[in-house]
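Here are a few friendly notes to read alongside the model. Each numbered point takes up one topic.

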Amino acid sequence: MTRFGRFAVIAIAAASLAACAGIRDNSGYIYNQELTQSIAPGTDNRDSVRATLGEPTFRGQFGQEDWYYVSRRTAQFAFRQPRLTDTRVIRVAFDQYGNVAEVEETGQERVAQIDPAGAETPTLGRQRSFFEELFGNIGQVGQPGLTPQQQ
């Protein structure tokens with residue numbers, strides 16, 4: 001085998017292995033333990049939390065206003081589905097004056113897992129086949145009662 005042939009084989013093998021490399025992804029809040037632990041109940045307020053952690057991922061909708069910071073890490077190998085490796089949820093609760101009342105950090109155990117009910121969304125109405133959908137309107141066009149009344 002020539003020198004160029006060996007180089008080509010090595011280059012193709014390296015490109016093939018690089019295509020199968022794992023992919024790691026972070027989404028949401030970038031978790032930092034030191035910043036999270038620096039938030040102190042009774043000392044910090046909304047402005048200091050915003051300056052330290054940034055804008056929350058979302059805010060509570062019921063009752064008192066809580067701020068939630070959600071961080072998710074996933075890993076994916078080659079063409080497989082991404083797999084959740086870590087989840088952190090930080091809840092910062094405020095009192096009526098805007099001061100931090102509580103900081104709670106949880107993980108995957110408190111996150112609800114939603115499993116869709118299959119590949120179809122159930123709807124009300126009639127189930128029609130492909131051909132009924134395709135040819136169902138033949139003969140319906142121009143019949144009385146189907147066009148708007150002229151005034």
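1. A word on exposure to begin with: buried means under 20% relative accessible area, exposed means over 50%, and partly exposed lies in between (1.4 Å probe, protein chains only). Arg-128 is partly exposed, at 35%. Its side chain meets that of Glu-133 in a salt bridge, 3.4 Å from N to O; the term stands for a side-chain nitrogen of Lys or Arg within 4 Å of a carboxyl oxygen of Asp or Glu.

2. Please keep in mind that this is a predicted model, where local features need pLDDT of at least 70 and side-chain atom pairs count only at pLDDT 80 or more, while totals for chains, interfaces and linings use all residues. Residues are numbered from 1 along each chain as its sequence is written, and side-chain values use heavy atoms, leaving out hydrogens and water.

3. The whole structure holds ten salt bridges. One of them pairs Arg-50 with Asp-47, with the closest N and O atoms 3.3 Å apart. These two residues sit three apart in helix α3, so about one helical turn separates them; helices are DSSP runs (H or I, at least four residues) and strands are too (E, at least two), numbered from the N terminus. Asp-47 is exposed at 54%, whereas Arg-50 is partly exposed at 31%.

4. Glu-55 and Arg-59 also form a salt bridge, at 3.0 Å from N to O. Glu-55 is partly exposed at 47%, and Arg-59 is partly exposed at 32%. Shared partners link Asp-47, Arg-50, Glu-55, Arg-59 and Glu-65 into one salt-bridge network.
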